[in-house]
Amino acid sequence: MRFIDEFRDAELARAVVNRIHRRSNKHVRLMEFCGGHTVAIMKHGIRQLLPETVEMLSGPGCPVCVTANQDLDIAIALAREPGVIITTFGDMLKVPGSRSSLQRVRADSADVRVVYSTLDALQIARENPEKAVVFIGIGFETTAPTIAASILKAEEEGIRNYYVLSMNKLCPPVIKALLDCGEVKLDGLICPGHVSAIIGSHPWEFAARDYGISCVVSGFEPLDVLQSVEMLVDQLEKGEPRVEIAYRRGVRPEGNLRAQELMNAVFELSPANWRGIGMVPESGLRLRKEYERFDAELAFDIEPGPTLEHKGCLCGDILRGVRTPLDCKLFRTSCTPEHPVGPCMVSSEGSCASYFHYETA
Amino acid sequence: MCLAIPALVKSIEGNEAEAEIGGISRKISIILTPEARVGDYVLLHTGYAINVIDEEEAEETLKLFEEMASLEE
Ligand code: SF4
């Protein structure tokens, strides 16, 4: 496929790897924020190609993984409401909440449907006017504009039975929270390419300016990731932290202004609850007053019950970059993609699932 | 989850477009990329184009890789 195959060229990749080896002297710790990058790094064995001086950590950039049990419980309780059709991305289905999962309540006859897009969720709402159709709105800045677009479309068409459970989260504020807590020491950040396609590269400036962290916005093919590592190593060797875009074919410094406009029209900032990190101010999105009638949490009186955490699961620590899946006693034993204990094993982009599929050591 | 793949815009009607992804045709929304034109490649995320791919930038990035690689030899 064009714009993919060219960026998988093994020969060109080897040349970049060689340059990184020559250039790198200092020991540096780089975090790939995004689960999509974790998959690329694991799948193409990029960690093993890098010199010992370059340490790579995975970050909290997997929307399914960072959804707190408390929020999952609300989604699951909503699915149990009579007359409700839940529409969700497939990744959410198996994620265990405190006591159940969407998949399990579906087996118990709840109407839970996997959709590929909010466009499909809207279509289900059109076809089922007597039912309340709730879209489980998880995702980062990449997805939020598509949810905003669906609400604007429902408003325009007068679709009155469409609701969104808004659990959208924002990436720069959580990075700031991680840096403020100081638990994980970072030198460089591989910034998420498709989040940045929407927000641009400017929202990462604070990391370079206030925390001295080098930032490079990266694409998702192996050459993209290697190029980003090379740019980070180069910045760090020079001791000049700043924000650069490696993924220039997909990201402009100002981002996608139209998408930002739709997102801002429908949503406003709110605190959000991140698994393993807790409440982070202004890191979530809730519906503005004008669009409140689409808010599933307001439309239904939900009592999800007390929150329970998964015993022995280290997802929270892994999401903060302080442990790896190999530190978890349950990894590959009682926790597998077939029988996941925590969300990091469910989502294809979760660190535990990535390690399960690609880590042979 | 933030996966987005290149899709080639084949035809446009209002906010909707017909796009080809690896030989398969599907309807997508271009409400987030009103600047998309027939023949453009867009980044497709959950049925929505989230950006138009900048072909010149892509070529320049590749050219840079090739030049650097040839210096290695
Ligand atoms: S292996 Fe399973 S139990 Fe352990 S941290 Fe990962 S998801 Fe949680």
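These legends describe close-up views of a predicted model.

**View 1. The contact between chain A and chain B.** Chain A brings 41 residues to this contact, and chain B brings 30 residues. Six helices of chain A each supply at least two residues of the side that touches chain B: α1 (10-23), α2 (35-43), α4 (63-66), α8 (144-157), α10 (193-199) and α13 (257-266). The largest share comes from α1(A), with five residues. Sorted by class, this side of chain A holds 21 nonpolar, eleven polar and nine charged residues.

**View 2. Helix α1 of chain A, end to end.** α1(A) is built from 14 residues. From first C-alpha to last, α1(A) reaches 20 Å. That is close to the 20 Å expected at 1.5 Å a residue.

View 3. Buried in α1(A) are A:Leu12, A:Ala13, A:Ala15, A:Val16 and A:Ile20. Seen down the axis of α1(A), its buried residues fall within an arc of 160°, so they line one face of the helix. An α-helix has 3.6 residues a turn, so residues three or four places apart point the same way. On the other side of α1(A), A:Ala10, A:Glu11 and A:Arg22 are exposed.

**View 4. Packing partners of α1(A).** The buried residues of α1(A) pack against elements of both chains. From chain A come β2 and α12 (222-238). From chain B comes α1 (55-72).

**View 5. Domain 1 against domain 2 in chain A.** Domain 1 of chain A gives 27 residues to the contact, and domain 2 of chain A gives 21 residues. On the domain 1 side, α2, β2 (54-61) and α4 of chain A each supply at least two residues. The largest share of that side, six residues, is from α2(A). By class, the domain 1 side has 14 nonpolar, eight polar and five charged residues.

**View 6. The shell around the ligand.** The ligand is surrounded by 14 residues. The closest are A:Cys313, A:Cys328, A:Cys335, A:Gly342 and A:Cys352. By class, the shell has 13 nonpolar residues, one polar residue and no charged residues.

Conventions:
Residues are numbered from 1 along each chain as its sequence is written. Chains are lettered from A and ligands numbered from 1 in the order in which they are written. This is a predicted model: local features need pLDDT of at least 70, side-chain atom pairs count only at pLDDT 80 or more; totals for chains, interfaces and linings use all residues. Two residues are in contact if their C-beta atoms, placed from the backbone, lie within 7 Å. Helices (H or I, at least four residues) and strands (E, at least two) are DSSP runs, numbered from the N terminus. Ala, Val, Leu, Ile, Met, Phe, Trp, Tyr, Cys and Pro count as nonpolar, Asp, Glu, Lys and Arg as charged, and the others, Gly among them, as polar. A residue is near a molecule or strand if its C-beta atom, placed from the backbone, lies within 6 Å of it. The expected span of a helix is 1.5 Å times one less than its number of residues. A residue is buried if 20 or more other C-beta atoms lie within 10 Å of its own, exposed if 12 or fewer, and partly exposed in between; C-beta atoms are placed from the backbone. The arc is that of the directions from the helix axis to the C-beta atoms.
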